[in-house]
Amino acid sequence: MMAPVGVLRLRTGVFPLFLFLTLRAGILQFAAATIQGYIGDMICPSVCRCDEDFIYCNDRGLNAIPSLPPSASVLYLQNNHINNPGLPTSLEHHLAIRVVYLYDNELDEFPMHLPPSVRELHLQDNNIRTIPRSALARMPLLEKLHLDDNSISTVSIEDQAFADNPRLRLLFLSRNHLSSIPSGLPASLEELRLDDNRISTIPTHAFRGLTSLRCLVLDGNLLANQRIADDTFSRLSNLTELSLVRNSLQTPPVNLPSAHLQRLSLQDNALTHMPRGSLDGMHRLLRLDLSGNNLTTLPRGLFKDLDSLGQLLVRGNPWHCSCNLRWLYDWLHARGNAITVRGLTCHGPDRVRDMALIDLTSEMEECEVVRTSGTRDRVGGGGVDSSTTHTPPQGSLFTLRSKRPGLGLPDSGLDYTLSSSGVGKSLALNVKPLSHNSIRVTWSVAQPSSSFRLSWLRLGTGNAMGSITETLVRGDRREYLLTSLQPDSSYIICMIPLSASSENKGTISGDADSDEALVCAKAETSEISPLEEEDDNNSQQVTVLPLAGIIGGATAIVSLALIFGIFCWYGHRSGHLCSRDHYTRNNSRKSKSYDDYIESGTKKDNTILEIRGPGFQMTPMAACQPMQPKPLREDYIIHTIFPSNGSDLYKGANHVSNAGHGTNRGYREGGIPDIDYCYT
C-alpha cells in the first residue's frame, strides 16, 4: 500500500515542475524575439533600407552618414549632400565594409576615416582636389578607385601617393585637370583611364613598371606625335586595349604594343597617313577604329598580320577609290563574312562617289587590265604597280638643291655599270623603284653614324649633268622615299655617312678619301599609266584649286581696298565725302567748318580767335612767354578759356572772373584744378 501512495505523490510533484519549465521557456523565447526586433530596428537607420549586409541610403538628401550595423558590407550613399564633416570617425571601425558608393556628393577632400577593409571606392562627381598618400595608406586592400569628374591636377597628387596600395588594379581619373601622366602608379594596375584631361606630353618613363596594364584610355587630350616618346607604349607588353580618340595625331604612335593588343581606337584625330608597318605583329587585333580622320588611301600590306580582325570602322574619311585600293578590295573579298566593315565609302573619283569599295567590281577589273598590259611588262626592270606604294617617314632635317654640289658623282659621260645596289667599306646601299615618280632607298651600315648625306641625280639624254638634290638623314634611319621624280627616267643615288663632329662641316666619317666612302646605285622610274596619270591630275587639281582660290581672293581684297582708298582720297580732296566736324557758335552766327577756322588763323593779325562756350583760345606767342618766332610763320598757343559772362557750368551765375592772365587765381576760385594755362 505504501508504493502506490509514493508514486501518486511523485506524479503530483512532477506535473507542476513540468508546467513551470514550459512556461519559463516560452517566456524566454518571447523576450529574446522582442529584444532582437528592438535591436534590429535600432541598427538599421530609419532613413535607409537594409537588405542583410547591403545598406541602401542613396538619394535621401543626407548631410551625414547615419549609424550603421556592424554587419554592413556594401554602402550605397550616392546622390546625397554628404560633405567631409559628415563622415564620422567611427566609420573606420566597421571592418566588414568592402564597397562604398559616395559619388555625386559634396566632398572637397579625400575621405580620411574609411575602414581599412574597403576594396572598391566610388568618389566620382565630387569636388576633390588632392590625393594624399596618408588617406590611401589607410586602405591597403583597395583594388578599384573611381575619381572621375573631380578637380584633381597633376601637382595635387602627392608623390608616391599609391605606394601603399599594392593591390590597386583599376584607377579612373577621367575629366579632371591633369596635364601629364601621374607618377608613382602601382605595378599591379590593370586598367587606367585618363580621358578628357589636358595631357599634352608623354615622356619615355611615363608608364615605366606598368607591365600588368591591360587597358589604357587617353581620349580627349592634347596629344600630338611630336610630344609622344618613341618607346612610350612599347613598355606596355600586356596591353589589350588602347584608346587615343579625339587627339591631334597625324599618324599612329610608333612602336605600339602588338603582342596582345585586341582593340585599337584612333578615331577623331587628324590622321592623314598610315605607315605600312604601323600595324605589324597585331595578330590578335579584333577591332580597329579609324573613323573621323583625313585618310584617303591605305598602303598595301597594312593588314597583312591582322588575321583575327573582326571589326573595321573607317567612316568619316575622304577615301579615294582608285587602283591604289585594289589590294584592300581583294583583301575584303578574301575575308568574306569573317569581318564587318563600316564606312568604307568612296569620296572620289566622281564616277564612284558614295559607292562602297566592296561593290567596285568593274572598276577594279579595269585596274587589273591596266596593270597587266602596262606595268607588269617592266617588273624585271624595277617597275612596280602603284598600289604597292608605301611612304616611309621622310627625313626630318632639310633638303638642299644646288647646281654646284660639294659631293662628287661619277662622270655622266661614262658608261655606267651601276646596279640597283652598291656596297662600300662601311655602307651597303639598295634602291628600288616603287612607281613612276618614287624610289625607295634602303641601306645598312657596319658601324653607327650620326647622319647620312643622301644625293640623287637625274640623267639626261646628253652628257650634261643635271642639278643634284641633297638631304641629310638622321643616323637612326635605314630607309628613305624619294618622291616627285620624273617618270621613265634614270637616277643615280649616292650616300655618305657623316660623323657627329663633322656633320656641320660636311666632312665624311671613315676614310679620308670621299671617293672611297661614297656608295652609289642606279634606278629607273617606270612610265606613267593612264589611271595613275588621272589620279595625279586629280590630286594636282585638288591641290591647285584651293591655292588658286586663296590667291584670287587676296588679289580681289587688295584691289577693292586700293579702289576704296583712291575714292576716299578723291572725296577728301573735293570736300564732299570725308567732311570735317563742324563747330557751332552759340550766337546767331552761321556755322563755320574746321577749314574756315584754319583759314582765319592764318591771317596775320593780333586779334584773339575765341569760340563761345567752353573751347579754345589762340593768342600770339608774345602774350605768353618770350620766344623768338620763326621768320616765315607766326606761332600760336592754344589753351582752354571760359566765357566772360559767367554762364559756364564751372562757375556760379554771379561770379565775376579775374580777367588777368598773369595768374591762375581766377581758375582756382571757379573750382577749376590748377593747371598751366599756357602750353608750348
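Q: To get my bearings, how many helices and strands does the protein chain have?
A: The protein chain in this predicted model has eight helices and 30 strands.

Q: And what share of its residues counts as buried?
A: Of the 680 residues of the protein chain, 39% count as buried, and the chain exposes about 38,100 Å², of which carbon and sulfur atoms supply 54%.

Q: What part of the contacts comes from residues 24 or more positions apart?
A: If you take the contacts in the protein chain with a separation of 6 or more, residues 24 or more positions apart account for 55% of them.

Q: Switching to cysteines, how many disulfides does a search of the whole structure find?
A: Such a search finds five disulfides, and when the bonded cysteines of the protein chain are numbered in sequence order, the pairing reads 1-3, 2-4, 5-7, 6-8, 9-10.

Q: Okay, what about C48 and C57, how far apart are their sulfur atoms?
A: The sulfur atoms of C48 and C57 are 1.9 Å apart, and the two residues form a disulfide.

Q: Is that disulfide of C48 and C57 right-handed or left-handed, and why?
A: The disulfide of C48 and C57 is right-handed, because the torsion about its S-S bond is about 115°.

Q: Are those two buried or exposed?
A: C48 is buried, with a relative accessible area of 10%, and C57 also counts as buried, at 0% relative accessibility.

Q: Which residue does C321 pair with?
A: C321 is joined to C346 by a disulfide with an S to S distance of 2.0 Å, and with -105° about the S-S bond this link of C321 and C346 is left-handed. The pair links distant parts of the chain, since C321 lies in the loop between β14 (319-320) and α3 (326-335) while C346 lies in strand β16 (residues 346-348), 25 residues apart.

Q: And why do C321 and C346 count as buried?
A: C321 counts as buried because its relative accessibility is 6%, and C346 counts as buried because its relative accessible area is 2%, where the cut-off for buried is under 20%.

Q: What does C323 join to, then?
A: A disulfide joins C323 to C367, with an S to S distance of 1.9 Å, and the link of C323 and C367 is left-handed, with -90° about the S-S bond. C323 lies in the loop between β14 and α3 and C367 in helix α4 (residues 361-373), so the pair ties together parts that are 44 residues apart in sequence.

Q: Where do C323 and C367 stand, buried or exposed?
A: C323 counts as buried at 11% relative accessibility, and C367 is buried as well, with a relative accessible area of 8%.

Q: New topic: which residues touch the most other members of the largest nonpolar core?
A: Of the 94 residues in the largest nonpolar core, F207, L218, F233 and F303 touch the most other members. The elements that give two or more residues to this core are α2 (133-137), α3 and α4, and the largest share, five residues, comes from α3.

Q: Where does this core lie relative to domain 1 and domain 2?
A: The core lies between them, because domain 1 (42-198) and domain 2 (239-362) both give residues to it.

Q: You named F303, so what does F303 touch?
A: Leaving out residues up to four places away in sequence, F303 touches L279, L288, L298, L312, W327, L328 and W331. There is also a second, separate core of 19 residues, which includes I439, V441, Y480 and L485.

Q: Back to α3, why is it called largely enclosed?
A: Seven of the ten residues of α3 are buried, so the helix is largely enclosed by the rest of the structure. The buried residues are R326, W327, L328, Y329, W331, L332 and R335.

Q: Which residue follows α3?
A: G336 follows α3, and the phi of G336 is positive, near 65°.

Q: Last one, where does Q78 lie?
A: Q78 lies in the loop between β3 (74-76) and β4 (99-101), and Q78 is buried, with a relative accessible area of 8%. Not counting residues up to four places away in sequence, Q78 touches N58, D59, Y101, Y103 and N105.

Notes
Residues are numbered from 1 along each chain as its sequence is written. This is a predicted model: local features need pLDDT of at least 70, side-chain atom pairs count only at pLDDT 80 or more; totals for chains, interfaces and linings use all residues. Side-chain values use heavy atoms; hydrogens and water are left out. Helices (H or I, at least four residues) and strands (E, at least two) are DSSP runs, numbered from the N terminus. Buried means under 20% relative accessible area, exposed over 50%, partly exposed in between (1.4 Å probe, protein chains only). Contact means heavy atoms within 4.5 Å. A disulfide is a pair of cysteine sulfur atoms within 2.5 Å. A nonpolar core is a set of buried Ala, Val, Leu, Ile, Met, Phe, Trp, Tyr and Cys residues joined through side-chain atoms within 4.5 Å. Domain bounds come from an automatic or database domain assignment. Accessible areas come from the Shrake-Rupley method with a 1.4 Å probe; for residues, only the protein chains shown count as cover.
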